[in-house]
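Please keep the structure in view while reading the points below.

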Amino acid sequence: MSQTDLKTDQRFMRMALRLARRGLGRVAPNPAVGCLLVNQGRIVGRGWTQPGGRPHAETVALERAGPLAKGATAYVTLEPCSHHGKTPPCCDALIKAGISRVVSALQDPDERVNGRGLEILREAGVEVVEKICESEALDANIGFVESKTIDKPLVTLKMATSLDGKIATTTGSSQWITGPQARRYGHMLRAKNDAIMVGIGTVLADDPELSCRIPGLTEYSPIRIVADTRLRIPLTSQLFKTVRDIPLWIVTVAGNDPERIDAIRNLGADVIEVEATESGLPDLKHTLSILSDKGITRLLVEGGSHLQASLIKEELADRLMWFRAAKVIGGDGISVFQSIGLKNVSDAPILELEGTHRLGEDQLERYFLRN
């Protein structure tokens with residue numbers, strides 16, 4: 001492939017990736033895929049995975065292109081599926097439409113596909129080019145990839161603190177540490193994740209609704225999950241007031257009062273029992289495995305300090321979104337993290353700064369955790 005052809009493929013693939021990202025937080029348990037159909041240099045069809053996971057990106061793009069798909073190149077951010085599920089295989093649809101060339105960014109790790117889709121295309125005489133913008137495609141769908149390879153969703157920790165890392169004053173006062181721009185960005189993060197998780201301490205302290213309150217995105221509020229060992233969640237909380245509109249899952253351990261469990265379920269929430277640690281708390285690795293099995297690919301964890309510290313300590317967190325306000329609360333404030341049991345600085349988790357940007361008077365820092 002010439003450098004000119006490579007640059008052309010990369011340009012169109014990056015367009016397809018922008019389409020794919022429109023599905024983040026809306027398509028679980030499916031991956032968020034983008035598809036761009038190009039015929040003689042002209043874009044003839046665009047598609048991305050639709051809410052709920054269907055129809056797939058390729059199906060949408062082919063429908064929009066109609067007869068112009070014949071002889072076109074399909075830029076697909078993830079290998080076209082090759083298995084029969086609720087819809088026919090996308091690789092078959094591309095072949096039937098007369099697509100002459102398929103450019104793929106990332107191989108599908110699903111064991112039902114895993115290279116078979118590209119193989120079927122080649123067997124049908126379709127030219128196949130792989131791994132164009134592969135790292136960018138992996139970044140867009142890392143949650144789906146992790147769910148298929150290591151049985152956990154992408155875990156992103158989100159926190160809003162003062163400059164010295166405090167989430168509240170000594171009296172518990174915390175509203176509002178960050179400004180409106182940062183809070184709005186936080187709500188957009190919720191819309192880009194399949195589920196949002198907090199500990200019971202956060203529920204008891206703040207009585208949050210954990211919804212996406214941005215006009216136009218309210219219908220994309222994620223599933224709410226509360227880690228609650230002894231089912232202390234108040235049945236009159238904001239979470240239950242909205243449970244008929246936004247799903248609520250309570251993660252707990254065995255041994256709770258059956259009548260309490262029935263009361264929670266009768267209100268519309270789901271109670272999920274997981275394995276317990278030696279201290280009696282929900283085992284987080286097992287919790288993430290169950291959430292992955294239930295179709296969660298992207299999990300946003302907003303609190304509390306014990307839950308987030310445990311995810312870091314157990315090397316289960318992948319990313320960190322840190323909103324810092326230009327305020328100082330002082331040593332008697334409540335710290336964003338509880339103890340993770342460090343004795344030596346050399347044992348501290350390593351974070352890699354991905355980027356920063358201003359949100360009004362606040363600063364957002366984005367980190368990867370090197371697990």
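Two strands are said to pair if DSSP finds at least two bridges between them. With six bridges to strand E16 (residues 362–369), strand E13 (residues 319–324) meets that requirement, and the two strands run antiparallel. The model described here is predicted.

- Strands of a sheet pair through backbone hydrogen bonds, and the pairing may be parallel or antiparallel.

**Strand E13 and its two neighbours**

- E13 pairs with E6 in the parallel sense over six bridges, whereas E13 and E16 run antiparallel.
- Leu320 illustrates both pairings: Leu157 stands opposite Leu320, and the bridge partner of Leu320 in E16 is Tyr367.
- Six of the six residues of E13 are buried, so the strand is largely enclosed by the rest of the structure.
- In a regular strand the side chains alternate between the two faces of the sheet.
- In E13, Arg319, Met321 and Phe323 point one way, while Leu320, Trp322 and Arg324 point the other way.

**Strand E4 and its partners**

- Strand E4 comprises residues 101–104 and pairs with E3 in the parallel sense over four bridges.
- E4 also pairs with strand E5 (residues 127–129) in the parallel sense, over three bridges.
- Ala74 stands opposite Val102 in E4, and the bridge partner of Val103 in E5 is Val129.
- Both faces of E4 are covered, with Arg101 and Val103 buried on one side and Val102 and Ser104 buried on the other.
- Arg101 has a relative accessible area of 14%, which is under the 20% limit, so this residue counts as buried.
- The side chain of Arg101 makes a polar contact with the side chain of Glu127, at 3.4 Å.

**Aromatic pairs**

- A pair of aromatic rings is described by the distance of the centres and the angle of the planes.
- The model contains two aromatic pairs.
- Phe12 and Tyr75 are both buried.
- Tyr185 and Phe323 form an edge-to-face pair, with 5.9 Å from centre to centre and 65° between the planes.
- Because Tyr185 lies in helix H7 and Phe323 in strand E13, this pair ties together parts that are 138 residues apart in sequence.
- Tyr185 is partly exposed, with a relative accessible area of 25%, whereas Phe323 is buried, with a value of 1%.

**Arginines over ring faces**

- Arg11 lies over the face of Phe12, at 4.5 Å from the ring centre.
- Arg26 lies over the face of Tyr220, at 3.7 Å from the ring centre.

**Helix H11**

- Helix H11 (residues 284–293) is mostly covered, since seven of its 10 residues are buried.
- Among the buried residues of H11 are Leu284, Leu288, Ile290 and Leu291.
- At the start of H11, a side-chain oxygen of Asp283 reaches to within 3.2 Å of the backbone nitrogen of Lys285.
- Gly295 follows H11 and has a positive phi, near 100°.

How values were computed: Residues are numbered from 1 along each chain as its sequence is written. This is a predicted model: local features need pLDDT of at least 70, side-chain atom pairs count only at pLDDT 80 or more; totals for chains, interfaces and linings use all residues. Side-chain values use heavy atoms; hydrogens and water are left out. Rings of Phe, Tyr and Trp (its six-membered ring) pair if their centres lie within 6.5 Å; planes under 30 degrees apart count as stacked, over 60 as edge-to-face and the rest as tilted. Buried means under 20% relative accessible area, exposed over 50%, partly exposed in between (1.4 Å probe, protein chains only). A charge sits over a ring if NZ of Lys or CZ of Arg is within 6 Å of the ring centre and within 35 degrees of the ring normal. A polar contact is a pair of N or O atoms within 3.5 Å; within protein, one must be able to donate a hydrogen and the other to accept it, and residues adjacent in sequence count only if both atoms are side-chain atoms.
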